Amino acid sequence: MFKKVETGTVVITHVEDSDEGDGVPGGTVSSATHTAGEPSQGQVSEGKNEDKQELVGRSRGTSCKYVMMYNKHVILGYLMLFCIFLGLILPYILASFAFPATEYNQRGSCFLNISYRFDCLPGASRPTRDECLGLGCCYSSNSKDLYAPTCFHSIPSEYGYRVTNVTASRGVVVNDAASRDGPKVKGRKMYRLGKAGDITLNLGPIKDKTNFGTEAWSLSARVQRGGSDVVRVLVYSPEHDDFLKDDFAAEPAASYQLDVVVTQDLDGDFNITVTRLATGEVVLETIFGPMIYGRDFAELTTRIPTQQLYGLGLRRNFDFEPNYKYRARWPLFTRETTYEVDNTTVASGNSGAHPFYMNFERTPGYMYGLYLRTSAPVEVGVLPIPAVVFRGVGTLWDLRIMAGPTPRDVTRQYTSMVGRPAMPPYWALGYHLCRSGPAPNDFSVYDGVVKGMNETQLPYESDCIDASLSQSFAPLTTEAQERVTALQKEGRKFMLVQYPYVSHSSAAYSDSEQFLLKHNDSSDYYGKVEGQAVGYPDYVNENALPLWLNHSTQVRELYANADGVMLLNNTPLNQAELNYTLWNASEVMCTPDTPGACCPDPALPFLPSGVEDVNNHSLCVSLVHPSLGNTPHLHLHNAYGYFHHRRIKGLMKEIAPKKRPFVTSQSTHPGSGAEGGAFGESFGGNFMEQKVSLVQVLELGLYGVPLAGVPICGSRNDTKGELKSEWCLRGHQMAAFWPLMVSHYEHGHEARNPTDFDKAFAYHLAVFIRMRYVLLPYFYTLLYEASLEGIPMARPLFYEFPEDEASRAVSTQFMVGSGLLVSPVLNSVGVQDSIDATLYFPPGRWYNFFSGATVADSVNGTDIVIPTLLADVNVYVKGGAIIPLQGNLHDWVKTTEDSRQVSFTFLVALCCNDSSSSPFDQPEVMAQGSVFLDDGETPHEVGVDVKAEHLQMAATQDKVTITRAAPSGGGTGLCSPATSYSTVISGIRVFGLAYKVDKVTANGAVIPTKNIHQNMDTGTLDISQVGHDWCVAASLVVTWAASDL
């Protein structure tokens, strides 16, 4: 192990297993140490035989030869000289003669642990030794790690920046800096950000070229505070980054959690460090790895405290954490791509780009977050040390570091910047149906679905009728309009599916032409979708859509006809096969007949991993946005779907100002949650895709988009062209607990409406869909909380149990709020009747949601194998939760409107046997919860009176109290005038009672014995016919006791 050695402003520690190669020193250096004051094994042995050695010495005499060979002091001297040789002289000899590569690295060291290797030429095939050394990098082709780069940066890297000037505003403390080991470093200055102020650095590149040969730019770096919990580090080029729109609101902090220090050495080397004051944990450090910023390429690296990293999606992955061993790299670049397997089209693109992550620190339970504010294509990579590498094309580095220190705190801080999630209408939580029909104006499939859903008594909320109903903004046909009217007459909603592009052959094209994206010379641009030439509206321009609609009343009427809108293919999709030769040919022009000739070759030296051509499958990055000063589309690409989402939401709000808009988008971006929900296509019908979909839904919640879902049974066939009913059943079991539950499939793929299966299968589905409707008050309350603080409804286990290490690796189970643990089956039962599901139960007491039996009760969490039948869904209630329920699994309700007219039952899950182990602030409390209800459609906006009900619930060992809070602003809530919505509590269900109950009262009145049912085997108590209306009496107290108590 190398000792701690300072190289400039870098301190290299924990350097092990450096391998020998062609251009880097190798070999493993190790040393044995023992605790001070304790003799080593050799010392103990020597002490025991000291007298004997002296006697032998006297008999032999003390010759010079004997002293040199046997005297312990001389031997110790030999060892010291040998150590000096190994530590000082041998490395010099090796560096001077054996490894000439160090001649090319005058600034840094190549003596690096393999884990510290930062790729010097990412994306390129492995360069030769001469190519690598010519770049000023280190080279080693001999490595046991097959994933380690052979050409890598030294530390410090040759590619970096030096400070040319520092400006510190008032509030910044400036002094001579001491190194971390204590002694001062000559010429080093330290700038510490106080409660206010900012630090600005002017930076000059060490090399005038990037490692890709493009011009390196001079930079400015600015460090600021955004209140008590956020630190901003902005790195940009004032000369070239004219597209920067600075939205950061610098705020002084009364107190702060993060210490921010900028050190500047005499030679100009610098380091920006962000440290948690409470623990000393470094959460951002800019000195490790290269800092590169120039034309068409930028790179920035920060070390992270642990490998427990969550975010930086969307990725099509099965786990939350990236693979550090393989040095995973992936793009944040929205586009829809596919590949063929067994004659089946498989999706591989990314519908969302979220440059945000949450990272656990080494201190148990502590977490911070980092948001890179950019909409340009970015590659993310990880290194084993661990570290995160950002590589960008057309981006700047605008980092926002959030202090946390809990996952909930990080979410609050993040959504305060990008926007709190929008409160959806109540009906958005129902079950939604959609499909692409067999042919335009063929409604036979839809008509069959309507009939079958009613026959099998399956609840559903909305239908799109046909996803291709109104492509290119064409008005609905008479036949389509008849079905929309009939659907709405039944109390259901019409979801209009819309796409971002406009067909060149449509009537809407001429009205929208002046608002379409064009080239820098104002020439027309065309893409291609389903064989048709299309144009793309400039949704970035906030005036484009309103002006277009002023020209086209038919388009406005189309949206006015809809209750909600589902936006698809808005990454945006472009299926044109590009031919750059045609673009360069003067005789070929960009026309609707030649969309492949509509884009110049960007000739970028670097492309994010997995992106072969930045123009392919999407918009040409050289298009311009006139409303932003002709900013190239490259800088805004990942936000195209976000702006599409935002404009359509604004339109729906304008059309119906007294109702909450419900708009979902396939493409997502930071801030999408404030516009509505997330729903997309391109998921296959198999268990592997089910795992991917679960991770994406949970990740979207972390990104501030809590109302998220994907097609329940997949929208495409699997790689064998088959759709298994087992997988679709498991999909319904899982999606019943998702924030958004939608069944949808794409054109040309196997139908998977609930009515496409046999009736026995449909009845199974009915159980899980009804279960969802029973839980809607709980879901709605969670989404209300999300609108206030950003906290997601569906949560990874680590989110609720941040101090539980085992919860951090679980990606196949999830929490719904704090009270429900859902453990879906993600494997086939095969030919067996059931499957043994190994489930993890975090610390605490857990009850079976259906039976009330205690399944787990542990302090540290435990794994349990649960045999699971095909018709079973593994759902558990956490001890300490009170869950509001409305309705039951047996009675059919058609819609959410019907479900709201049924009385309530409250499920009380006691946390523990006595108050000594209660986790709540009041020891006697053993369960608690809340309910939020309103009319389900009035917008939650400042100045709007929302008639709402707030109930607070708390339980002890022998009673539960449910209290209606007084409506805000002196209002009457839902009680006056009376609505059709129920405000009656008819049942109480208690889990965790260890004694026989003989007497139950409700507000002092004894409940008849016939309305009390107890199962002593499971400890469950059911109380029915309570009959309490909270509009009549604001408080309900239900007690239970044994006869001798």
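Begin by selecting Tyr-310, Phe-320, Phe-360 and Phe-798, which form one aromatic cluster. Keep in mind that this is a predicted model, in which local features need pLDDT of at least 70 and side-chain atom pairs count only at pLDDT 80 or more, while totals for chains, interfaces and linings use all residues. Residues are numbered from 1 along each chain as its sequence is written, and side-chain values use heavy atoms, with hydrogens and water left out.

The structure holds 34 aromatic pairs, where rings of Phe, Tyr and Trp (its six-membered ring) pair if their centres lie within 6.5 Å, and planes under 30 degrees apart count as stacked, over 60 as edge-to-face and the rest as tilted. Select Tyr-147 and Tyr-326 next: this pair is tilted, with 4.5 Å from centre to centre and 40° between the planes. Tyr-147 lies in the loop between β3 (138-139) and β4 (151-152) and Tyr-326 in the loop between β16 (309-313) and β17 (329-332), so that the pair links distant parts of the chain, 179 residues apart. Tyr-147 is partly exposed at 41% relative accessibility, and Tyr-326 is partly exposed at 43% (buried means under 20% relative accessible area, exposed over 50%, partly exposed in between, with a 1.4 Å probe and protein chains only).

Move on to Phe-356 and Tyr-414, whose ring centres are 4.0 Å apart with planes at 20°, so the pair is stacked. Phe-356 belongs to strand β20 (residues 354-360) and Tyr-414 to helix α6 (residues 407-418), so the pair ties together parts that are 58 residues apart in sequence; helices (H or I, at least four residues) and strands (E, at least two) are DSSP runs, numbered from the N terminus. Both Phe-356 and Tyr-414 are buried.

Finally, select Arg-225 with Tyr-256, where the charged end of the arginine sits over the ring, 3.6 Å from its centre (NZ of Lys or CZ of Arg within 6 Å of the ring centre and within 35 degrees of the ring normal).
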